[in-house]
Amino acid sequence: MTGVVDTLAAIPSPTQGVWELGPLPLRAYALCIVAGIVAAVLLTEKRWVARGGAPGDVLDIAVWAVPFGIIGGRIYHVISSPRAYFGEGGDPMRAFAIWEGGLGIWGAIALGGVGAWIACRRRGIPLPAFADAIAPGLLVAQAIGRLGNWFNNELYGGPTDLPWALEIYEWGGGRAVLGADGEPVLLGTFHPTFLYELLWNLAAAAFVIWADRRFRLGHGRAFALYVVSYCTGRLWIELLRTDPAETFFGVRLNVFTSIVVGLLALAYFFWQRGKPREVITRGAEAEATAATTDDRQRPATASSEDDHSPSGPT
């Protein structure tokens, strides 16, 4: 075994990622993705309303952004890790098996952004302002989603005997493969890159929230800061990973993507410097509309009561 250490000094991994509930498979990866989406919607709703947005806007936009994001994430994953689908012995139909895991954040953000743009345009919401509101929520969602990789025993780094090394089992069919002794087959202990990214994302979310409050960022600058923060962490974490991926000049594709996207986001952050935060009045307008509706209903109710009141002494 490679890099095996005393199990008391290593992080254990789950030995099962799928549970059968009759004909319905319950997959930990999917549950983590859903939990991340819910957390992102709740956090974004709070931030959006605080910026002047109307309650319910976030959920309406999520209806468009989430499906687009899932499709985009899957497309990028298949492009960046094509061997399992189109390589020797690969199965092209597995490219559609999203329940097995595999979503590329770059594709999810790109196509999810298209879905958000469509929804924002339909509701008259400036996309940069909404992007600033959702930025920390995306980081929290990504952090929670990484727990799905832990359940699947995937996305780990090279062998290590550090105290926080991660135990990885031989995997198949959504669970650890059992040896002749009936125990899971341990492949070794490795860098828990899923955990590195999880912790980095939570720290980056806190940093974006702080910077947004401190400097009142607007016009997409909080979102740009999210992208820069994430790319910085993804760059060094990607260099630790050993799972199969498409490479150029011997370097993983995601390393180049992190550098290019991060630099573009940094340039945008400085390009928009000095612009005051947008004034969003959707929340106030919604309250005014509701108040007007209430006012119109009250006279009608009073008039109805007057019509049924006695007209003289009895």
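Biologist: Which side chain does R234 meet in a polar contact of 2.6 Å?
Modeller: In this predicted model, the side chain of R234 pairs with that of Y230, where a polar contact is a pair of N or O atoms within 3.5 Å, one able to donate a hydrogen and the other to accept it, and residues adjacent in sequence count only if both atoms are side-chain atoms. Local features need pLDDT of at least 70, side-chain atom pairs count only at pLDDT 80 or more, and totals for chains, interfaces and linings use all residues. Residues are numbered from 1 along each chain as its sequence is written, and side-chain values use heavy atoms, with hydrogens and water left out.
Biologist: Is R234 buried or exposed?
Modeller: R234 is buried, at a relative accessible area of 6%, given that buried means under 20%, exposed over 50% and partly exposed in between, using a 1.4 Å probe and protein chains only.
Biologist: And where does R234 lie?
Modeller: R234 lies in helix α7, residues 221-238, helices being DSSP runs of H or I with at least four residues, numbered from the N terminus. Of the 18 residues in α7, 14 are buried, which leaves this helix mostly covered.
Biologist: Switching to α5, where is its kink?
Modeller: The kink in α5 is at I134, shortly before the proline P136, and amounts to about 40°, taken as the angle between axes fitted to the seven residues ending there and the seven starting there.
Biologist: How many of the 25 residues of α5 are buried?
Modeller: The count is 18, so α5 is largely enclosed by the rest of the structure.
Biologist: What follows α5?
Modeller: N153 does, with a positive phi near 55°.

Key
Helices (H or I, at least four residues) and strands (E, at least two) are DSSP runs, numbered from the N terminus.
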